[in-house]
Amino acid sequence: MRRPLAGRLVGGVAAGLADNLGYSVKPVRWAFVVFGLLGPGLLFYIWLWLTVPSADSTERPPALARLAPYLTQPSRARPLARLAAGLGLLGVAGLIAATGAGLDLPLEWILPGVVLLAAVWLAWSQLDKADPAAPRGTFSWIRLGGAIALVVLAVSLLITRGSDTVSVVAVLAAGLAVLAGVALVLAPWGLRLLAALGDQRAATAREAERADIAAHLHDSVLQTLAVIRSQADDPAAVRHLARAQERELREWLYQDRSEPGQSTAAALRTVAGEVEDLTTVEIGVVVVGDHRPNEGLSALVAATREALLNAARHGAAPVSLYAEFSPRQAEVFVRDRGEGFDLTSVPADRLGVRESILGRVRRHGGHAEIRSGGPGQGTEVCLRLALTPPDPAPTAAQEQVSPARKAKPSAEERVSPARKDKP
Amino acid sequence: MNRLRVVLVDDHSLFRAGAKAELGTDLEIVGEAATVDQAVPVILSSAPDVVLLDVHLPGGQGGGGAEVARAVLAANPAIRLLALSVSDAAADVVAVIRAGARGYVTKSISPADLADAVRRVAEGDAVFSPRLAGFVLDAFGAAAGDVAAADELDRLTAREQEVMRLIARGYAYREVATELFISIKTVETHVSAVLRKLQLSNRSELTHWAARRNLL
């Protein structure tokens with residue numbers, strides 16, 4: 001059972017209880033009011049208020065968190081101030097009514113009582129602050145000091161009831177002296193307790209983190225190692241398993257997971273992982289910057305996937321993927337170290353694959369080209385997409401990136417739209 | 001040609017054994033260490049040409065490879081260090097580079113490429129993996145128009161940016177040189193300049209990454 005933070009009237013007890021029992025809130029509230037007036041309902045309410053923790057709904061979804069969140073104390077803010085103010089007003093009203101009725105009030109008892117109550121409220125509202133080990137603000141120290149001063153004052157007033165000011169001051173001084181002595185004696189013990197509490201907190205947090213890591217290693221790495229052992233005779237399978245596991249572990253260790261569909265960089269990494277799984281060729285991925293996905297970028301990612309597949313199947317390792325997102329444009333380079341290929345001797349089916357790379361990007365207003373440097377130089381697919389459409393920047397950047405282009409016209413190919421229809 | 005003298009610092013004995021077997025023909029392994037406390041005296045006493053330095057090491061003040069680099073360079077600035085790690089985290093990479101390493105490669109690098117990188121570092125050049133080049137572009141702002149930084153150390157020149165971009169795309173130095181019509185020596189100069197900026201710049205991204213590893 002939790003006391004919800006939202007939708008509470010006083011302490012969220014009725015709302016929490018109703019939620020827990022499956023009733024609607026109103027009858028539960030009325031029941032508390034009725035039983036509170038009749039008898040022990042108020043005590044029951046206060047007991048629940050003190051013992052039931054508040055719901056904390058601000059946690060990040062576990063699937064997206066990098067590691068298990070550290071153990072935190074649920075926040076237990078209570079509108080105690082309002083309750084105390086209400087009670088105080090009721091008390092004052094009662095007093096006024098009583099004097100009006102002609103009763104002779106024992107003010108020398110009531111005044112210290114009120115002061116004592118105020119002091120207790122101040123002290124207890126402190127206890128309510130979540131973490132006793134956490135450093136306290138100046139304000140909370142002032143409150144604590146105020147509470148102690150008020151208690152001393154109240155007790156002095158009680159003892160010296162009706163006497164003169166001098167004895168009040170004397171009793172005050174005596175009380176303060178006793179308090180100071182007690183504080184001096186208890187201070188080391190209290191400090192040690194605080195330190196031990198902090199240590200214990202840290203240990204619990206470490207323990208939780210270790211358990212989380214152990215659980216992850218069990219689910220992934222240990223399972224993979226078992227599979228690797230059973231397939232030890234097949235080097236290709238072992239290499240593939242090891243690489244896939246490595247990729248997964250790296251992602252888990254070094255990258256904050258992004259919300260699905262929010263990061264083109266993450267999409268590119270996923271695509272590279274898929275191609276690695278399909279072809280068992282290792283792909284080095286370097287991504288600079290990021291951009292929110294849109295229609296054009298989705299096409300770019302799809303084209304990248306085709307380019308990677310092409311490079312992994314027909315080129316030679318190492319295959320590398322480099323993507324760069326600037327505010328103005330996105331660029332993707334897929335490179336392999338194969339023999340390169342002569343465009344005139346490309347079989348028809350492979351030209352089709354190229355169409356799904358180049359055509360796709362061009363249809364979204366991007367630039368795409370394949371550069372082949374001959375044997376040992378490999379092939380590089382360059383994809384470029386402007387991110388703020390009516391912008392002359394991409395063409396300018398294009399010329400800046402590759403001044404070699406004009407010098408080696410035979411080494412590269414631009415697919416004109418007219419060639420799209422060819423098989 | 002006399003073989004380069006190398007010290008291997010890595011807390012995984014399996015990795016040390018593998019690297020020794022793979023590099024043994026090209027390089028002379030003159031020392032090994034598994035912790036920060038072992039590494040510093042071993043490196044200083046054997047005075048190797050290059051130290052292959054893992055980023056994550058136990059012992060010392062908990063600073064790992066960066067701590068070793070600082071201690072070694074404080075005692076003998078002539079020693080060259082090449083960081084080697086499985087880690088992808090920007091904080092790790094930047095920390096060890098800022099502590100003075102001349103390059104950063106991942107452990108998935110092929111033995112031939114690693115030997116090549118060691119040789120390059122021994123000659124005083126910087127070694128950038130595609131991933132490190134990616135970090136540099138990320139930290140200094142990939143967009144060419146990003147010239148807000150007043151300090152020359154805080155931004156890359158257009159040429160340096162081009163070089164970094166090509167390295168991130170998987171180009172070797174030789175290929176970068178061909179692509180940009182410049183000599184390999186010029187490429188190396190650009191890369192060394194970028195390394196210097198990476199080590200000395202006060203760009204907030206770099207100091208932020210470094211601070212996370214308690215470097216500053």
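pLDDT is the predictor's confidence in each residue, from 0 to 100.

**View 1. Confidence in the predicted model, with chain B in focus.** This is a predicted model. The model scores are ipTM 0.81 and pTM 0.60. The pLDDT of chain B averages 82, and 90% of its residues score at least 70. Within chain B, strand S3 (residues 50–54) has the highest confidence, at 90. Helix H10 (residues 204–212) of chain B has the lowest, at a mean of 68. Where pLDDT is low, the predicted coordinates should not be read in detail.

**View 2. Strand S3(B) and its two parallel neighbours.** S3(B) is largely enclosed by the rest of the structure, because 5 of its 5 residues are buried. In a regular strand the side chains alternate between the two faces of the sheet. Here B:Val50, B:Leu52 and B:Asp54 point one way, while B:Val51 and B:Leu53 point the other way. All of them are buried. Strand S1 (residues 4–9) of chain B runs parallel to S3(B) and is joined to it by 4 bridges. One pairing sets B:Val9 against B:Leu53. Strand S4 (residues 80–85) of chain B also runs parallel to S3(B), with 5 bridges between them. There, B:Val50 has B:Arg80 as its bridge partner.

**View 3. The crossover from S3(B) to S4(B).**

**View 4. A left-handed β-α-β unit in chain A.** Its parts are S1(A), helix H10 (residues 295–314) of chain A and S2(A). Strand S1 (residues 283–288) of chain A is mostly covered, with 5 of its 6 residues buried. S1(A) pairs with strand S2 (residues 319–325) of chain A in the parallel sense, over 6 bridges. A:Ile283 stands opposite A:Val319 of S2(A).

**View 5. A nonpolar surface patch in chain A.** The patch covers about 610 Å². A:Val178, A:Val182, A:Val185, A:Leu186, A:Trp189 and A:Leu193 make it up. A:Val178 lies in helix H7 (residues 165–230) of chain A. With a relative accessible area of 56%, A:Val178 is exposed, because the cut-off is over 50%.

**View 6. A:Lys26 and its separation from A:Ala14.** A:Lys26 sits in helix H2 (residues 25–38) of chain A. A:Lys26 counts as exposed, at 62% relative accessibility. The C-alpha atoms of A:Lys26 and A:Ala14 are separated by 8.5 Å. Along the chain, these two residues are 12 residues apart.

Notes:
Residues are numbered from 1 along each chain as its sequence is written. Chains are lettered from A and ligands numbered from 1 in the order in which they are written. This is a predicted model: local features need pLDDT of at least 70, side-chain atom pairs count only at pLDDT 80 or more; totals for chains, interfaces and linings use all residues. Side-chain values use heavy atoms; hydrogens and water are left out. Patches are made of residues with over 30% relative accessible area and no salt bridge: like charges are joined within 9 Å, nonpolar side chains (Val, Leu, Ile, Met, Phe, Trp, Tyr) within 5 Å. Accessible areas come from the Shrake-Rupley method with a 1.4 Å probe; for residues, only the protein chains shown count as cover. A salt bridge is a side-chain nitrogen of Lys or Arg within 4 Å of a carboxyl oxygen of Asp or Glu. Buried means under 20% relative accessible area, exposed over 50%, partly exposed in between (1.4 Å probe, protein chains only). Two strands pair if DSSP finds at least two bridges between them. A crossover is right-handed if, with the strands pointing away from the viewer, the path from the first strand over the helix to the second runs clockwise.
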